[in-house]
Amino acid sequence: MFLTELQDFIETRYKEMPEGSYTTSLFKDGLNRMAQKVGEEALELVIEATNGTNDRLVYEGSDMLYHLIVLLTSKGLRIEDLAAELAERHNPGWKKH
């Protein structure tokens with residue numbers, strides 16, 4: 001799955017922190033900045049969903065997902081953790097806790 005490959009790449013950036021990398025700059029800016037970027041991209045996604053084109057919706061959704069994976073990585077989580085949560089919710093026996 002490409003999202004797993006993307007997260008692996010982002011985790012490598014997190015470990016190595018190469019200079020000149022946008023991803024490195026996000027990690028160095030800290031948790032608040034990473035969370036802010038997720039929020040900004042989510043807002044841009046909503047704007048495109050209501051007033052934009054499908055191409056721009058996909059573009060902004062991709063930005064949001066990338067920044068979410070960066071945030072997850074900084075917290076020691078993976079995109080698979082979200083997939084597992086969604087799978088659990090899909091299970092007919094799932095109960096909200």
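Tutor: Before we start, accessible areas here come from the Shrake-Rupley method with a 1.4 Å probe, and for residues only the protein chains shown count as cover. This is a predicted model, where local features need pLDDT of at least 70 and side-chain atom pairs count only at pLDDT 80 or more, while totals for chains, interfaces and linings use all residues. Residues are numbered from 1 along each chain as its sequence is written, and side-chain values use heavy atoms, with hydrogens and water left out.

Student: What share of the protein's accessible surface belongs to carbon and sulfur atoms?

Tutor: Start from the total, which is about 6700 Å². Of that surface, the carbon and sulfur share is 58%.

Student: How many helices are there in the protein?

Tutor: Helices (DSSP runs of H or I, at least four residues) and strands (runs of E, at least two) are numbered from the N terminus. The protein has zero strands, and its elements read α-α-α-α-α from that end. So the number of helices, counted by that rule, is five.

Student: Why does the span of α4 agree with its 21 residues?

Tutor: The expected span is 1.5 Å times one less than the number of residues. For α4 (residues 54–74) that gives the same span as the distance between its end C-alpha atoms, so the two agree at 30 Å.
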